[in-house]
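User: I would like to learn how to read a few features of a model like this one, taking each idea in general before the particular case.

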Amino acid sequence: MRAGARLLELARARGARAVFVVGTAKGVGKTTALRAIYDAACAANLSVGLASVGYRARFPLRAGTLFATARTLLPATPAVEILQIAPLETSAGALLYARTLHDGSYDVIGPSTASGVRESLAFLGADSDVVLLDGAIDRLAMLASSPGAIVVSCGAAGAKSQPQAVEDVAALAARLRVRAADPTADALEIVGAFTATAADELMRRGERRQIVVTDPTQIALNGAALARALAGLRVRCRRPLEVVAATVCALAPERNFEPESFLRAVAQATGLPSFDVCAGREAA
Amino acid sequence: MKAPDLIDEQSAELLGFPWLRTALAPVSAYGARRFAELRPYRLGEERAAQDRAREVASIAGTLAPERVGASRATLASLPDVAAVVARATMDDLLDDPDFFELAQLCDGVERLEGVANAATRSVAATLAPGRREGGAFYLADAFDPTLAGARIALRDVQAELDAARGRERAEAARALERDEIAGDEFIVMRADLHGGPPPGVRVQREAATYLLCTLEYGAASLAALERREAAVAAVAAAEENVRRRLSSAMRESAGGLAAANDALARLDETLAAVRFTQRYGCTAAEIVAESALAIDQARFPPLEDELERAGRRFVPVTVQLDAPAVLTGPNMGGKSVAMQTCGFIALAAAFGLPVPAAHARVALFDQIAWLGVGREERPTGLLSSFAAELMALNGVLERRAQRPAIFVDEFARTTSPAEGIALAVALLERLREAGACGLAATHLPGIAEAAGVRHFAVRSYVIAEVDGDEQVSGDAIALAESLGMDERFVAAAYRALKGTTWTR
């Protein structure tokens with residue numbers, strides 16, 4: 001089983017030209033998953049664009065890759081083809097688009113605003129078959145307005161126990177996979193964040209209408225509160241997201257989970273095709 | 001664009017200075033720096049102000065607005081290389097983004113008239129081997145044969161390393177019965193392991209059900225890795241050599257590049273003024289060295305814009321002033337707007353701009369001030385609004401400007417009419433003594449004659465000079481009626497008006 005190739009295949013099967021990998025926390029194998037997808041895309045002779053949302057990640061890139069970085073992060077060697085210095089800011093300074101002409105390690109970063117992410121995707125997408133985006137969970141809202149497939153990553157680094165890690169990723173997946181609103185049915189539109197307080201109040205009132213948010217990232221609920229709200233209310237969205245898979249990383253410096261059972265549990269809890277990239281496994 | 005010596009903040013607000021600053025805002029970083037330092041012409045610089053206004057008006061008359069727009073778009077797209085040029089001058093080693101921006105700049109200035117020079121062309125030629133499709137830049141092999149050779153060597157050894165590493169990965173994957181080994185660290189489940197880990201696979205951590213492993217470098221990979229490190233160092237050295245040479249060439253052109261930057265700043269400033277001139281149908285005023293503010297068919301663009309958005313039309317103002325004068329007229333008749341128009345024209349002329357008027361003869365003033373209504377003097381502590389108004393007046397007169405333009409809107413309106421008249425007369429006398437030019441709008445009677453100044457009246461938004469103390473109705477009661485005050489109220493007001501000197 002080639003995890004990167006399978007993840008890429010799942011995304012492309014939905015017609016997505018961009019793949020966002022988001023994690024439940026830091027160190028849960030997001031970058032590993034993204035690298036696997038990147039390698040698979042290169043092996044398939046696809047031209048790839050790469051950016052990260054808000055923060056910096058170092059990637060070994062092949063020649064011919066389009067990437068977003070900051071002017072200050074550009075290595076002196078190997079030289080790259082500089083395509084544009086954009087009027088956008090990253091956390092490390094002015095955003096710069098470049099194309100690698102030699103294999104090497106490069107710092108990838110992206111803009112810090114939702115409109116900047118959209119612009120980056122448009123720029124990278126104009127000259128790439130597929131754009132890969134490394135996205136931190138706290139920047140999730142930035143991905144919502146951009147079309148693409150989402151891979152959620154979870155791991156031992158993000159939770160104190162395996163059940164907790166599974167619950168976290170299941171909640172994230174459930175939140176991101178909220179279904180599209182039925183335009184013919186009655187709806188209560190939520191402006192801004194949909195909070196636990198609002199959800200409790202609506203359940204107390206016995207609200208039967210659809211509860212409609214613009215996109216799933218507006219749902220500011222987690223854990224038990226989210227489960228309660230999704231079970232007790234018809235939560236829907238105007239712009240559904242395309243979550244295509246989950247990845248797991250059973251190992252962390254602080255703790256390890258049993259890889260096989262972790263992968264199985266995540267697949268079962270999320271209902272998504274699930275992969276352990278390090279173990280080269282897909283949940284049956 | 002600053003004028004702290006010419007106009008105070010509140011007067012500036014009332015006379016549309018912030019609006020003018022926005023209308024003249026440049027689009028490039030070069031223009032922005034110059035614009036930030038832009039100062040009005042001073043007394044004695046009438047010729048320079050006149051020449052500048054004529055230059056702008058002449059360009060506005062010959063350059064199509066579309067071309068102005070296109071040039072401004074080019075200016076807006078240019079990178080700001082001022083810091084790069086400064087670093088080149090200091091013999092800094094420039095980097096590839098610096099060369100990219102310099103190349104972009106040199107391309108861009110060729111599309112603008114009068115900016116490119118020998119230095120920008122020389123820089124463009126020097127960087128040409130690195131130019132790629134779509135304006136991209138790359139430190140290309142063509143810059144130096146040594147660089148090309150170093151890169152070929154690196155490519156070869158990288159391929160060697162990839163092949164050796166690929167073989168090791170493939171062998172390990174085959175031994176572990178997996179399709180691939182992804183990443184530097186990987187997990188091997190004990191259940192999948194028949195015997196110990198295969199050769200080349202190092203176990204980093206063991207757990208009950210799995211092993212965390214890495215793939216060791218074999219002899220062939222290690223040898224290739226060492227050669228690659230050397231090749232990387234050779235490429236780095238060759239790239240730095242090229243950058244050093246290019247930086248040195250940029251240093252030699254730094255003076256010319258700085259001159260091009262200055263030209264860009266001037267062009268940006270000029271095009272903004274040209275755009276303003278075209279948009280508002282401005283003409284170059286005759287700038288004179290004596291107190292004068294004679295305007296024909298003049299407009300106040302901030303209000304003109306607002307009226308245009310509301311589907312209404314601004315009635316142009318015509319008036320000739322060479323000293324302070326009184327302005328009377330009905331409420332909402334246009335007195336304040338007439339004064340704002342005069343002040344705006346004086347401001348625009350002070351910056352060497354064509355003015356929104358059919359014709360104008362204007363002095364350069366060294367003070368432009370507004371007093372009275374609209375100037376939000378907030379009473380502080382025990383100061384009443386009247387006291388605050390006097391304090392503001394004091395502040396304006398204390399400047400002792402040589403050639404002030406002062407606009408006074410209903411001065412002393414908050415005290416008794418008799419004393420208000422006396423104060424207004426005293427103010428006009430003082431302004432006349434100071435050689436000021438301007439208007440004092442008032443509803444109080446007898447001021448023009450008492451102060452010995454000309455008297456203008458606004459009727460239906462049109463200004464005309466009237467005889468000495470001719471009283472102009474304020475039309476205030478009729479206005480109150482038209483604004484919805486009840487009949488009883490209006491009738492009472494007319495009854496009260498009878499017997500006064502100000503009958504309808």
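User: At what angle do helix α3 (residues 29-36) of chain B and helix α11 (residues 254-279) of chain B pack, and how far apart are their axes?

Analyst: Some conventions come first: residues are numbered from 1 along each chain as its sequence is written, while chains are lettered from A and ligands numbered from 1 in the order in which they are written. The model is predicted, so local features need pLDDT of at least 70 and side-chain atom pairs count only at pLDDT 80 or more, whereas totals for chains, interfaces and linings use all residues. Helices (H or I, at least four residues) and strands (E, at least two) are DSSP runs numbered from the N terminus, and axes are lines fitted to C-alpha atoms, for helices over the stretch in contact, with angles from 0 to 180 degrees between N-to-C directions. Here α3(B) and α11(B) pack at about 75 degrees, with axes 7 Å apart, which makes α3(B) roughly perpendicular to α11(B) (a label for 65 to 115 degrees).

User: Which residues of α3(B) and α11(B) meet?

Analyst: Two residues are in contact if their C-beta atoms, placed from the backbone, lie within 7 Å. On this criterion B:Y30, B:G31, B:R33, B:R34 and B:F35 in α3(B) meet B:N261, B:L264, B:A265, B:D268 and B:E269 in α11(B). The residues of this contact divide into four nonpolar, two polar and four charged, where Ala, Val, Leu, Ile, Met, Phe, Trp, Tyr, Cys and Pro count as nonpolar, Asp, Glu, Lys and Arg as charged, and the others, Gly among them, as polar.

User: In what order do the three strands of the open sheet of chain A lie, and is the pairing parallel or antiparallel?

Analyst: Strands of a sheet pair through backbone hydrogen bonds, either parallel or antiparallel. Two strands count as paired if DSSP finds at least two bridges between them. In chain A the order is β10-β11-β12, with parallel pairing; β10 (187-189) and β12 (234-237) are the edge strands, each pairing on one side only, and the twist averages 30 degrees from one strand to the next. Four bridges join β11 (residues 210-213) to β12(A), with A:Q210 opposite A:R234 and A:V213 opposite A:C237.

User: How many residues of chain A are in contact with chain B?

Analyst: For chain A the count is 32 residues, in contact with 31 residues of chain B. The elements giving two or more residues to the chain A side are α1 (3-13), α2 (30-43), β5 (80-90) and α8 (259-270), and the residues of that side divide into 17 nonpolar, six polar and nine charged.

Conventions
Angles under 35 degrees count as roughly parallel, over 145 as roughly antiparallel, 65 to 115 as roughly perpendicular and the rest as oblique.
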